[in-house]
Amino acid sequence: MSETNEYLSYMNKGNYAMALTLLDQEILRNPEDPVLLYNFALCCFQTKNFKKSIQILDRITTEYSKFIEMDNVYRLKVFALIELKEWESAENLIENRLQIAVDDPKLLSFLSHIYEYTHRLDMAIEVHRRILRNIPDYKNSLNSLGYLLALKKKLTPEEQKEAVDCLKKALAQDPNNPAYLDSFGYFLQTLGKPEEAWKAYRKALQKNPNHPVLLERIKNLKK
């Protein structure tokens with residue numbers, strides 16, 4: 001393997017600390033390579049140095065506006081801002097970027113996440129409906145819409161059907177996904193169907209036995 005690509009091997013193995021060390025050396029030799037800078041920012045993100053990641057990403061957007069991975073640069077910056085709980089900055093960045101990357105499902109998914117965590121549930125729901133109008137089989141939105149509807153205190157019959165349809169479509173595409181099984185189980189739990197909810201949770205636990213959210217769901221189900 002060439003020395004230039006060695007850092008990629010460590011990234012693929014999840015050893016981002018070593019990849020950062022190698023990337024630092026590469027950037028010293030090639031300080032104007034936006035690919036190296038982007039991968040450096042990605043490794044910073046993976047090692048939870050979100051502020052450094054944002055700093056590097058800002059350099060890319062300022063100095064390399066034609067960089068081919070610019071969509072991912074903005075997505076990663078949004079993700080880093082969310083991890084820092086800088087909700088307003090993340091939301092403003094998404095809104096600005098959507099003027100160029102119209103209906104980008106990943107940016108819209110981040111926007112829904114922000115709405116959910118800033119207590120704007122109805123707006124979060126509408127974002128995933130928007131995504132599904134453009135991409136009807138988008139798994140993330142099928143699952144997220146079903147789960148967000150389950151969070152509502154009271155569902156209309158139409159919303160209940162919408163949630164069921166979405167969750168079943170997500171599971172049809174990825175039947176062993178623990179996150180989708182968790183959403184389906186939670187929805188069944190809110191409907192007052194604890195036995196059916198338990199079946200979904202149990203299957204999810206088989207795939208992810210130490211997940212704290214799933215364990216808490218089981219604990220609450222037994223009360």
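So, what joins the side chains of Tyr7 and Asn39? A polar contact of 3.4 Å. By polar contact I mean a pair of N or O atoms within 3.5 Å, where within protein one must be able to donate a hydrogen and the other to accept it, and residues adjacent in sequence count only if both atoms are side-chain atoms.

Quick housekeeping before I go on. This is a predicted model, so local features need pLDDT of at least 70 and side-chain atom pairs count only at pLDDT 80 or more, while totals for chains, interfaces and linings use all residues. Residues are numbered from 1 along each chain as its sequence is written, and side-chain values use heavy atoms, with hydrogens and water left out.

Okay, back to Tyr7. You'll find Tyr7 in helix α1, residues 6–12; helices here are DSSP runs of H or I, at least four residues, numbered from the N terminus. Tyr7 is buried, at 5% relative accessible area. On that scale, buried is under 20%, exposed is over 50%, and partly exposed is in between, with a 1.4 Å probe and protein chains only. Leaving out residues up to four places away in sequence, Tyr7 touches Ala19, Leu22, Leu23, Val35, Leu36 and Asn39, where a contact means heavy atoms within 4.5 Å. Ala19 sits 12 residues from Tyr7 along the chain, and their C-alpha atoms are 4.6 Å apart.

Now, charges. How many salt bridges does the structure hold? There are 15, each being a side-chain nitrogen of Lys or Arg within 4 Å of a carboxyl oxygen of Asp or Glu.

Take Lys77 and Asp58: their closest N and O atoms are 2.6 Å apart. That pair links distant parts of the chain, with Lys77 in helix α5 (residues 70–83) and Asp58 in helix α4 (residues 50–63), 19 residues apart. Lys77 is buried at 17%, whereas Asp58 is partly exposed at 27%.

Next up, Arg75 and Asp104, bridged at 2.8 Å, N to O.

Asp165 is partly exposed at 30%, and Lys161 is exposed at 53%. Elsewhere, salt bridges with shared partners join Glu32, Arg59 and Glu63 into one network.

Conventions. Helix = DSSP H or I, 4+ residues; strand = E, 2+ residues; numbered from the N terminus.
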